[in-house]
Amino acid sequence: MAAKGSPKSLSDHEGSLLSLVYRFQPITAYKVAKYYQSSPVATFNKSMGQVYPMINRFAKDGLITGRQIEDDARGTEVWSITEKGEEILKDWITTFRPAQLIAADSLGTKVMAFGLLTHEERVDWVVAAKAELEKKRVELDAYNAETDLPFQAYAYDNATSTLKARLDWLDRVMFDLVTNKPE
């Protein structure tokens, strides 16, 4: 974070976490971490060791404010976003960075190294990748069924559309592997 009074743009991890505080305020750091752990999205900060330092940084920089829960012997705090936090979060929402426009795709990167695999291993890889994506679709559907968040339908549509596009792409890869089988 930048010095007080000079907002810094948020990383996607920071924006995601601050967005959670905004949507669920007041919320404990523990509940934020639990939300991440239950999410089918792999890129979220999944460990408590990443969430708590970020919460502390946000509090120090005046993006969130905390208050202790009454009669809680552990000193648990609940966090809410401040006006400054809302301004920085709004900036993050309305700013588009090149890395956000085409998602990183490690499957596509792996295919670029197919030269290391035999033809049979390539076919097996496509079959295995499709199976893993289908598992992820089931996980995503279950998560969506038990989650009731504002604008959840938009996020779910994006995630399922992305999964479908990846499965369609793998179908094209498989078709090419099968129809252009090396001698």
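Student: If helix angles under 35 degrees count as roughly parallel, over 145 as roughly antiparallel, 65 to 115 as roughly perpendicular and the rest as oblique, at what angle do the axes of α1 and α4 cross?

Tutor: Please note that this is a predicted model. In it, the axes of α1 (residues 12-24) and α4 (residues 83-94) cross at roughly 125° and come within 10 Å. The two helices are therefore oblique to each other.

Student: Is that crossing left-handed or right-handed?

Tutor: The crossing of α1 and α4 is left-handed.

Student: Which residues make the contact?

Tutor: On the α1 side they are Asp12, Gly15, Ser16, Leu18, Ser19 and Tyr22, and α4 supplies Gly85, Glu86, Leu89 and Trp92. Sorted by class, this contact of α1 with α4 has four nonpolar, four polar and two charged residues.

Student: How about α1 and α2, where do their axes stand?

Tutor: Those axes cross at roughly 115° and come within 11 Å. The crossing of α1 and α2 is right-handed. From α1, His13, Ser16, Leu17, Leu20 and Arg23 take part, and they meet Val32, Tyr35 and Tyr36 of α2. In this contact, five residues are nonpolar, two are polar and one is charged.

Student: New topic: why are α7 and α8 called roughly antiparallel?

Tutor: The axes of α7 (residues 119-146) and α8 (residues 152-179) cross at roughly 165°. Angles over 145 degrees count as roughly antiparallel, so α7 is roughly antiparallel to α8.

Student: How close do those two axes come, and what is the handedness?

Tutor: They come within 10 Å, and the crossing of α7 and α8 is left-handed. The contact of α7 with α8 holds 16 nonpolar, four polar and eight charged residues.

Student: How many of the lining residues are nonpolar, polar and charged?

Tutor: For the second largest pocket, the lining has five nonpolar, three polar and three charged residues.

Definitions and conventions: Residues are numbered from 1 along each chain as its sequence is written. This is a predicted model: local features need pLDDT of at least 70, side-chain atom pairs count only at pLDDT 80 or more; totals for chains, interfaces and linings use all residues. Side-chain values use heavy atoms; hydrogens and water are left out. Ala, Val, Leu, Ile, Met, Phe, Trp, Tyr, Cys and Pro count as nonpolar, Asp, Glu, Lys and Arg as charged, and the others, Gly among them, as polar. Axes are lines fitted to C-alpha atoms, for helices over the stretch in contact, and angles run from 0 to 180 degrees between N-to-C directions. Helices (H or I, at least four residues) and strands (E, at least two) are DSSP runs, numbered from the N terminus. A crossing is left-handed if the near helix is turned anticlockwise from the far one by less than a right angle, and right-handed if clockwise. Contact means heavy atoms within 4.5 Å.
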